[in-house]
Structures are given as structure tokens and as C-alpha cells.
Amino acid sequence: MCGRSPKRVISYARVSTGTQAATGLSIDAQHRAIADASAARGWRVIECVTDEAISGAVPVDERPGLSAALALLEHGDADVLVATRIDRLARDTLATLQLFDRAERLGWELITLDAPEGTKTHGGRLLVGVLAVIAAHEAGSARARTVAALQSAQRSGKQLGRPSRQPEEARVLAKQLHDEGYSLRDIAAALEVAGILTATGKTTWHHSSVATLLRSEDET
């Protein structure tokens, strides 16, 4: 029996916080939804790639999972990249639209379950654009909450920006933002915005140093 081979799908999932995992956006939930949708179309999932604890603000080529998926697609080893939602791809309108344009130019397909037509039709392009703007707006709101948290910390008397071998202000602020569901990368960015120095007096924070900071908070 002759026929076309089913499209080869890469399932892409991303979470930036533990809170997302508890609200129906867990890695497993995303991959299951993509598997079900692919099976309904007669497509075959050949790879599941994941970016965990990575903000949607991180450029697509700097995410280990997504960059690996793009390499497979652009080498012709897969046909379609599927994510559950536009905001799993990016939290920046231009970055989202550029990713869809990249797929179109290089001959692979990109769809999300909330925009299942992709950009193949006028209606699909319109929906992708609207959802990309919404994702960017939600990201902006998250940044605004970060600023509010910083201002709240300052009003409560925490001395931000003071060098310390044991950065108590960093632990307090990191725990506050972590409890609100921010990712380690977002917390690192907030600590830099606040001007809080690391224990060694550096101005740059990394997600790994934030993780160490939170562990030390748990042990106190």
C-alpha cells in the first residue's frame, strides 16, 4: 500500500516556574496534549524536547531544548514543531513572529494548539499576531510585578544594593519573588535591577547562584 509518510513532529514544552507546573502547564501535560493533537492529525511525534526553568524572554537560539529542535528541523530530520501555546515559544511579539517567519522561509512547519492553522491562512496569521501581543503583554505585567516587589522591599526597610559577604537582602527578595512564582532567571534579573551585589561583590547574577541563595534561605 502506497501513501505519504506521516509528518514527523517535534513536541516542544517549556515551563519557567514551579507554579506553572501546578496549573496545568507541566511538562508532561504539554507533551501529552501535543501527542493527542498530533495523533488526531495522523502525525507522528519523533522527539519531545523541553526547556525547564527557562523564561520565555530568553532568545530562542539560547534555549537548549528549542535550539536542538530547530537544528533537527533545519537539517530535514523533522517536519513540524508543535507547542501547546504561543507563549511557550516566546514572550516577545517580534521574536514570536520571527520564529514563524523562520519556519516558512526554511520549509518546516510551526503550529501551536491555540493557533492550530499556524500562519498558513489570513485568519491564522491574525490569530498568531494577537496571541503574540497577549503573551508580550503578560510578560510586561510580570515585569511590573517584579518592580512592585522591589519597591515593596525598599519601603519595608531592606537596604538594596549594599555589598555583603552574606547578602541577606538578596535572600529575602529572592524568596519573595520565588514564592510568587518567578523563575530563577527572572529573580536573577530582578536582583541586578535592584543593584544588589553577590556575596563576592559582583553585579551579575545567574540562575545557579539564585538557586544556591534559595537553598541557603531554606537552611536558615
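Guide: What follows is a short chat about helices, strands, salt bridges and a surface patch in this predicted model.

Visitor: Let's start with H3. Which of its residues are buried?

Guide: Helix H3 covers residues 64-74, and its buried residues are Gly65, Leu66, Ala69, Leu70 and Leu73.

Visitor: Where do those sit when you look down the axis of H3?

Guide: They fall within an arc of 130°, so they line one face of the helix. An α-helix has 3.6 residues a turn, so residues three or four places apart point the same way.

Visitor: What happens just after H3?

Guide: Gly76 takes a positive phi there, of about 80°.

Visitor: Okay, strands now. Which way do the residues of E4 point?

Guide: Strand E4 is residues 109-112. Glu109 and Ile111 point one way, Leu110 and Thr112 the other way, and all are buried. In a regular strand the side chains alternate between the two faces of the sheet.

Visitor: How many bridges join E3 to E4, and do they run parallel or antiparallel?

Guide: Four bridges join them, and the two strands run parallel. As one example, Val82 has Ile111 in E4 as its bridge partner.

Visitor: You said Glu109 is buried. What does its side chain meet?

Guide: The side chain of Lys7, in a salt bridge with an N to O distance of 2.8 Å. Glu109 is in strand E4 and Lys7 is in the segment before E1, so the pair ties together parts that are 102 residues apart in sequence.

Visitor: Why does Glu109 count as buried?

Guide: Because its relative accessibility is 14%, and buried means under 20%. Lys7, at 25%, counts as partly exposed.

Visitor: How many salt bridges does the structure hold?

Guide: Nine. Side chains of opposite charge can pair when their charged atoms come close.

Visitor: Which residue does Asp79 meet in a salt bridge?

Guide: Arg8, at 3.0 Å from N to O. This pair also links distant parts of the chain: Asp79 is in the loop between H3 and E3, Arg8 is in strand E1, and they are 71 residues apart. Asp79 is partly exposed at 27% relative accessibility, and Arg8 is partly exposed at 25%.

Visitor: What about Arg105 and Asp101, how far apart are they along helix H5?

Guide: Four residues, which means they are separated by about one helical turn. Their side chains meet in a salt bridge of 3.0 Å, N to O. Arg105 is exposed, with a relative accessible area of 55%, while Asp101 is partly exposed at 38%.

Visitor: Which residues are linked in a network of salt bridges?

Guide: Arg85, Asp87, Arg88 and Arg91.

Visitor: Change of topic. Which residues form a nonpolar patch on the surface?

Guide: Leu126, Val130 and Ile134, with about 260 Å² of accessible area together.

Visitor: Where is Val130 found, and is it buried or partly exposed?

Guide: Val130 is in helix H6, residues 122-155. It is partly exposed, with a relative accessible area of 41%.

Definitions and conventions. Residues numbered from 1 in each chain as written. Predicted model: local features only at pLDDT ≥ 70, side-chain atom pairs only at ≥ 80, totals over all residues. Heavy atoms only, no water. Patch = residues over 30% accessible without salt bridge, like charges linked within 9 Å, V, L, I, M, F, W, Y side chains within 5 Å. Areas by Shrake-Rupley, 256 points an atom, 1.4 Å probe, with all protein chains shown as cover. Salt bridge = Lys/Arg side-chain N within 4 Å of Asp/Glu carboxyl O. Buried < 20%, exposed > 50% of the residue type's maximum accessible area, 1.4 Å probe, protein only. Arc of directions from axis to C-beta. Pairing = 2+ DSSP bridges.
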